[in-house]
Every structure is written in C-alpha cells, then in structure tokens.
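Hi,

Here is the structure I promised to pass on. Have a look at it first, and then read my notes below.

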Amino acid sequence: MRNGSTLSGLSCLFFLVLSYVGVVRSKSTIEPCSNSDSCNAMVGYTLYTDLKVSEVATLFQEDPIAILTANAIDISYPDVENHILPSQLFMKIPISCSCVDGIRKSVATRYKTRPSDTLSSIADSIYAGLVSADQLREANSISDPSVLDVGQSLVVPLPCTCFNGTDNLLPAIYLSYVVKIDDTLTGIAARYSTTITDLMNVNAMGSPAIKAGDILAVPLPACASSFPKYASDYGLAVPNGSYAISASHCVQCSCGPGSLNLYCMPASLAVSCSSMQCRNSDLMLGNVTMQKSSAGCNITSCSYGGFVNGTIVATLTTSLQPRCPGEQQFPPLIAPPTTVIRDSYYAPSPAPVQSDGAGTTVPGTTSVVPSTGSLPGFAPANGPTGSASDASSLVNPLASFPLVIALYLFFKLMAPSFL
C-alpha cells in the first residue's frame, strides 16, 4: 500500500512540476505608445557562432560601422567589416524603435530562412532569445510553424523601449537585455552604472527576482543632440562611453567619459563629404578656441548641427564661461575582439556628471576616433515605467507557488518510505 501511495504521490508531484514549468515563462518589458514617432534604442546580442562584423550587421539590417562604434571598437583597422567576431561575444546593437500596434518594437529586421531552420532555432539561437517563436509566428502570420520555405523572408520583431529618451529626467538610451543564467539584478545594475531601484521602476518589477530569458529594459546614460526635426539624424543620442557614426560616415560623435555633452568631429572614414568648416570662421567641425579674460573664459566652437539634405550643418557658437574647460576626453577604444573573456561585457564608462563647460580643446581634424595603436514597483515622478503583461511584468510573486506545493508533497509522501 505504501508503495502504491508513494507512486501516486510521485505522479501528482510530476504533474505539478510540469504545471510549474508551463506557468513560469520568460517575460519582457513593453512600452505602450500611441504615436508614430521613433527613437534610438539598443538590443544586447550574444553571437551564436563566429560571425563577420558584416554578417552581424546583416542579421539586424544595421550599418556595420555603426555597430562597431556603438561598442567602442576601433574602426581604423584594415578591412574591419570583415573581421571575424568570436562566438558568445556580447555586443550592443543600435536599432530604431518604432510604435507598432500600440507598443514599442523594432520591425525593421528581416531574416531569410535557411535549410534546417525552425522558428525556435531562429528565435533562441540565431537571435539569442531577443524574440520568441510565438512572436515570429504571429508577426509573419504563419499557420503551420513546422513548415518553413527555404529563402522565406521573416519579420523579426525586436523588443525596445524609448521612455521619451530620458531616465530620471536625464538623457538615456534603453538597452533590451536578455537575462543570462548567472545574472542578478545587482550585477546588471552595477555593470550598466544604474541602481536596482531604477531597474525595478523602469521594468515595473515588484521584486528584484529575475530568471534566464527575461528581457530587461536597461537605461544607459547618454549624450543627446538638439538637431532640428528636418535633419536626417534628428534625435541622435550616444550612450556614455561609446561613439556613433552619422552624415554618411562623414561625422562621428562621442559621449564621455566624465560628461554628457555630445562631441562631434570629422570621422576617419570621411571621403566625399560636404564642407565641415563653420561660416565666417577658420574653424572646422569639432574645433574650439578659448581665451582667458578678467570676466572668465571666452569660448568659440564649431559644432555639429545635423545632416540636412546631404549637407553637414556646422554651427559657430560663442560663450563666456567662468573657467576654461579641460582637454577633450574620448571613450577608450578596443581592438576588434578575437576571443571572449568570461563575464566581460561592453559596458558604458562610469556614470558621468553634467559638465558646466560648453566646449573642448582643439582636437585635430582627422579621425574622431583616435587609434589606440594597441590593442519598488512604482516609477518615480516623471520617470519611465513598463507596463504589465506576459511581455512586461517581470516578476510574478505567485510563480513559485506550484513548486512549493510540489516539494511539500514530495517530502510528505517520501518520508514514510524511509522509516
């Protein structure tokens, strides 16, 4: 009798465990929207195999140089677009985040199916959990997911958030980050120079508990531009500790370290570009002159004002500051990676402070990327917050309840057999 009772109990246990596995699913943060605007955003991507830079760019339909600069990788290396990046390398991929069907997502990515592809392999492996098989099926109106035609073009809806481009009223870009097995909210907050409270507020979390496969919206401090709406690079923002390419590879902008003031100058890739000289001045884009006086420091700068109708707008500005700013600092560059160091990520520089200076020293007019040569639960006022759904509220306080019941029954039923 005891063995029969035990067997029956184990069957019940097995059923409850299966129920638990079915109930607890990976979740992500979504942002409701009602307009047609878009913003700069990022997704955190882990390479599923060795890939060329250009192959990664093709997966996301993004500019390969933009991907390299977003990760502060030196673009002065020969044939850098064909450099082979190692499997399991983590990278930040810049994307455009739009408003589609009332929520924020990126739908610019297309994937062409290959032999042996399945929706699950595309979602879990090739796109590293940034999308689910169900989302692929729904986005492409696939009635039978077991039948995929080779060469079929699939829309890959990627998670993203804008939250008005701010975090606690400071400029920010949001990174969609897929939680890994060993991740903790404390570790993620430290890696990206934010706090547990901020992450919980942004993601509408009731608890700091996370699990592998969840997708978090992580705010990255950024330098924001003030280009006019008719500029093709309107809304340009650069995460602290990195670069961005613009104006048809003619201009490259950087952010930090130590400041949230956007700094732009001619890019090393500039070949056929419109004039980058400020009118009625000898100054070129990125040049600054400073002159001390009894009243303070007179600063004249030639700044980037956006890319309009194929023309680089260079704006001359003058200001009087209490003191002259120090030398312009650039984010450190790394060589194109060839190996992966465990637990290493391309994270922003330490949290910057707003600078009271308006300019910088006069760098050269060659490359903007100087080669190194070596290689709880509620949002704060005016703060962003995610919305709750199966793709939003990251924590379900009752999610572990079935497991607790299962463990209780297991010990209750098994204990007598050992007596």
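Before we get to the details, one term: two strands count as paired if DSSP finds at least two bridges between them. Also keep in mind that this is a predicted model.

If you wonder how strands hold on to each other, in general the strands of a sheet pair through backbone hydrogen bonds.

How many bridges join strand E17 (residues 296-308) to E18? There are 10, and the two strands run antiparallel.

Now for the nonpolar cores. The largest has 45 residues, and Tyr45, Val56, Phe60, Ile93 and Tyr127 have the most contacts inside it. Several elements give it two or more residues, including strand E1 (39-46), helix H3 (64-70) and strand E4 (90-100). Helix H2 gives the most, with five residues.

Leaving aside neighbours within four places in sequence, Tyr127 is in contact with Tyr45, Leu59, Phe60, Thr109, Arg110, Tyr111, Ile122 and Val156. Apart from this core lies another, of 20 residues, with Tyr192, Leu199, Leu216 and Leu220 among them.

Cheers

Technical notes
Residues are numbered from 1 along each chain as its sequence is written. This is a predicted model: local features need pLDDT of at least 70, side-chain atom pairs count only at pLDDT 80 or more; totals for chains, interfaces and linings use all residues. Side-chain values use heavy atoms; hydrogens and water are left out. Helices (H or I, at least four residues) and strands (E, at least two) are DSSP runs, numbered from the N terminus. A nonpolar core is a set of buried Ala, Val, Leu, Ile, Met, Phe, Trp, Tyr and Cys residues joined through side-chain atoms within 4.5 Å. Buried means under 20% relative accessible area, exposed over 50%, partly exposed in between (1.4 Å probe, protein chains only). Contact means heavy atoms within 4.5 Å.
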